Amino acid sequence: MNRRTKCNIILLAWLAGFFLVGFGVWSFQAGHLMILIYLGVSMIAYMLYAFMARCPKCRNPILLRPHRIFGMEIFTWSLVVPAKCRHCGELLP
Ligand SMILES: [Zn+2]
């Protein structure tokens with residue numbers, strides 16, 4: 001199993017967890033608060049992963065996706081891990 005498959009499974013598990021938490025706690029008094037906490041925790045986990053996961057060759061974060069718009073370089077963060085590094089083209093493990 002490679003990193004891409006693992007990442008997709010984690011994304012699906014997150015989505016399933018989100019719906020489970022959503023349906024499970026919505027009727028409670030502070031249900032929406034728990035969903036906010038769930039979102040916040042997953043946001044922090046994603047940010048940690050985004051900064052930890054780096055290309056072994058050029059050390060750039062692999063989730064950072066460069067775009068070229070009107071000659072300017074704009075970076076966006078992607079959720080899915082690419083098969084190749086977007087900076088140097090190195091195949092990711
Ligand atoms: Zn690279």
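The model is predicted: local features need pLDDT of at least 70, side-chain atom pairs count only at pLDDT 80 or more, and totals for chains, interfaces and linings use all residues. Residues are numbered from 1 along each chain as its sequence is written, and side-chain values use heavy atoms, without hydrogens or water.

**Exercise 1. Check the span of helix H2 (residues 31-52).**

Step 1. Helices (H or I, at least four residues) and strands (E, at least two) are DSSP runs, numbered from the N terminus.
Step 2. The expected span is 1.5 Å times one less than the number of residues.
Step 3. H2 has 22 residues, so it should span 32 Å.
Step 4. Its end C-alpha atoms are 32 Å apart, which agrees.

**Exercise 2. Find which residues of H2 are buried, and what they pack against.**

Step 1. Buried means under 20% relative accessible area, exposed over 50%, and partly exposed in between (1.4 Å probe, protein chains only).
Step 2. Gly31, Ile35, Ser42 and Ala50 of H2 are buried.
Step 3. They lie on the same side of H2, because they cover an arc of only 85° around the axis. The arc is that of the directions from the helix axis to the C-beta atoms.
Step 4. The face turned away from this side carries the exposed residues Leu36, Ile37, Val41, Ile44, Leu48 and Met52.
Step 5. The buried residues pack against helix H1 (3-25) and strand S2 (72-77). Contact means heavy atoms within 4.5 Å.
Step 6. Turn to H1: its buried residues are Cys7, Gly17, Gly22 and Val25. What covers them includes H2.

**Exercise 3. Describe the setting of serine 42.**

Step 1. Serine 42 is found in helix H2.
Step 2. Serine 42 is buried, with a relative accessible area of 17%.
Step 3. A polar atom of its side chain lies 2.6 Å from the backbone oxygen of tyrosine 38.
Step 4. Ser42 is also among the residues closest to the centre of the largest pocket, with Ile10, Leu11, Tyr46 and Leu79.
Step 5. H1 and H2 each supply at least two residues of that pocket's lining.

**Exercise 4. Do likewise for serine 78.**

Step 1. Serine 78 sits in the segment after S2.
Step 2. Serine 78 is buried, with a relative accessible area of 4%.
Step 3. A polar atom of its side chain lies 3.1 Å from the backbone oxygen of valine 80.
Step 4. Not counting residues up to four places away in sequence, serine 78 touches Tyr46, Leu63, Arg65 and Arg86.

Technical notes. Polar contact = N/O pair within 3.5 Å; in protein donor to acceptor, adjacent residues only side chain to side chain. 1 Å grid on protein atoms, 1.4 Å probe; cavity = no way out; pocket = protein on both sides within 12 Å on 5 of 7 lines; lining within 4 Å.
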